[in-house]
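I opened a new notebook page for this chain.

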Amino acid sequence: MKTTTTPAARAGRREWTGLAVLMLALLLVSMDVSVLYFAVPFISAELRPSATEQLWIFDIYGFVLAGLLITMGALGDRIGRRRLLLTGATAFGAASLLAAYADSTATLIAARALLGVGGATLMPSTLALVRNMFHDAKQRGTAIGVWTATLTGGIALGPVLSGILLEHFWWGSIFLINIPAMLLLLLLAPLLVPESRNPATGRFDLISAALSLGALLPVIYGIKEMARDGVSPVRVLAIVGGLLVGALFLHRQRTGAYPMVDLALFRRRGFGGSLAVNLLAMFAIVGFAIFTTQHLQLVLGLSPLRAALWSLVPSLAVGAVAPAAAALAQRVERAYLIGAGFGIAMVGFAVLTRVTPQTPLWLLLVGASVYAGGLVMVMSLVTELVIGAAPPEQAGVASALTESSSELGGALGMAILGSVGAAVYRREIVDGLPTGLPTDSGDAAQETLGGALAVAQGLPAELADAVRHAAAVAFTDGLHLAAYAAMAVMLLGAVTALAALRGVRPADSTAVAAEPTGPADTSLSSVSR
């Protein structure tokens, strides 16, 4: 059929207002990645989780969310992205209520897992709906820049809001803030956000859904455990088993009648490379955030509120990076801009290797601002490449793949960089602790920085100061090694971008059939409007 290129319909006031509604959902989902950072001491004091349980409280949300994103993206393509959004908002609000009033570590971990389920319905819905609300390439680039800024801003805002709430309320309040926002979303989304779905999809493949989850979770579990405690047969088997399940998943997508993921997407130039670059960026930006927040609160001794407000400085400093990157991309090759973003982030991590317990606060903030600015540039550009490359009818799955790489990267970053820091801490604290500590106190101090500070509270002043100093030095030694590891990942990201993304531009979906298709037309653009 002959095709011509005609101007795409430009979005109006309703679409931009609808975008604001979608960003409300995205903001809350991304906040839950980081909302626990400043709540750790309070949760530890009340629920007394072990070091492993504490890691699972953090990790389970991202693991479940990442594991279900592809499933939920495919489901949204079939039943409607707005319908999935509203279902997810209801589930997210209910899980938030359970987390707020959790009376045990097991209950909190379960609630965080349910939040991950709700979040997995929300994230692909928001980006897929953005893809189908904005057909003009330039407007879509701006909207995706807003989406990226909201995602990273939510991660930064999570600790701020939790710090403010922890200053006045109990730790469960950090989850209750989700409920009124979700109620607002349920009221406004049906009025402002148009429904969209893929009219040509077949039945939903439950076996593929199970395989996608079964592939991801064992791999992440094995990597997390190996990074923290070393290699063991069980951990190796978990990784191998997950990879085998992943191979079965790919085989089913290649041969099944109704695949969840059209593997032809990966034959589109730059699609797979963009996902890999996005994963590496999120690995660093999420994985390192816990070091900066704990340094503010536990090493420098700031209150949760003051620490939260200071942690907002990097976000404010890089607030204009995503729009600026979009503007530069009109004139400069995207691959070079993405590589430059990784290079800027590497400089920021290098600054953080100079941080000690005695250095001024501004050095930490400068390093964090620089690496955050570089990575926000990367994320905004690669998200536009991925979403622009996918046809509108596959927006849900493409969005899910983008967010899967983000969540998987963030979860792996928290697990691996956190485990690197924890391993260095446990190794260094042994030589730094003063002699004469009771055995149980010494063991508690060697587990975590928070545990060492809790031990110090019950000791005489001179001994307490020695424990605090040893713990702070051991923690910053762990921070340094994590920063060096992040620098290596940034170098890998720059090389990947230059090798895989040169010459790649986001597709401008303005090619339409010259001949009318008549009343039988079921194109997604007609559904979405």
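**Entry 1: the whole chain.** I began with burial: 56% of the 529 residues count as buried. I kept in mind that this is a predicted model. Next I looked up the secondary structure and found 22 helices and two strands. The accessible surface comes to about 20,700 Å². Carbon and sulfur atoms hold 66% of that surface. I then turned to contacts between residues at least 6 apart in sequence. Of these, 85% join residues at least 24 apart.

**Entry 2: Thr402.** I located Thr402 in helix 18, which spans residues 395-432. Is Thr402 buried or exposed? Its relative accessible area is 1%, under the 20% cut-off, so I logged Thr402 as buried. I listed its contacts, leaving aside neighbours within four places in sequence. They are Leu127, Leu275, Asn278, Thr383, Val386 and Ile387. I also checked Thr402 against Ile70: the two are 332 residues apart in sequence. In space, their C-alpha atoms are 9.5 Å apart.

**Entry 3: a cavity.** How many cavities of 30 Å³ or more does the structure hold? I found three. I picked the second largest cavity, with about 50 Å³ of space. Its lining is made up of Leu36, Val40, Ile43, Ser44, Pro49, Gln54, Ile57 and Phe58. Helix 2 (40-47) and helix 3 (51-79) are the elements that give two or more residues to this lining. By residue class, I noted six nonpolar, two polar and no charged.

Methods
Residues numbered from 1 in each chain as written. Predicted model: local features only at pLDDT ≥ 70, side-chain atom pairs only at ≥ 80, totals over all residues. Heavy atoms only, no water. 1 Å grid on protein atoms, 1.4 Å probe; cavity = no way out; pocket = protein on both sides within 12 Å on 5 of 7 lines; lining within 4 Å. Points joined across faces, edges and corners; volume = space filled by probe spheres on them. Helix = DSSP H or I, 4+ residues; strand = E, 2+ residues; numbered from the N terminus. Nonpolar A, V, L, I, M, F, W, Y, C, P; charged D, E, K, R; others polar. Buried < 20%, exposed > 50% of the residue type's maximum accessible area, 1.4 Å probe, protein only. Contact = heavy atoms within 4.5 Å. Areas by Shrake-Rupley, 256 points an atom, 1.4 Å probe, with all protein chains shown as cover.
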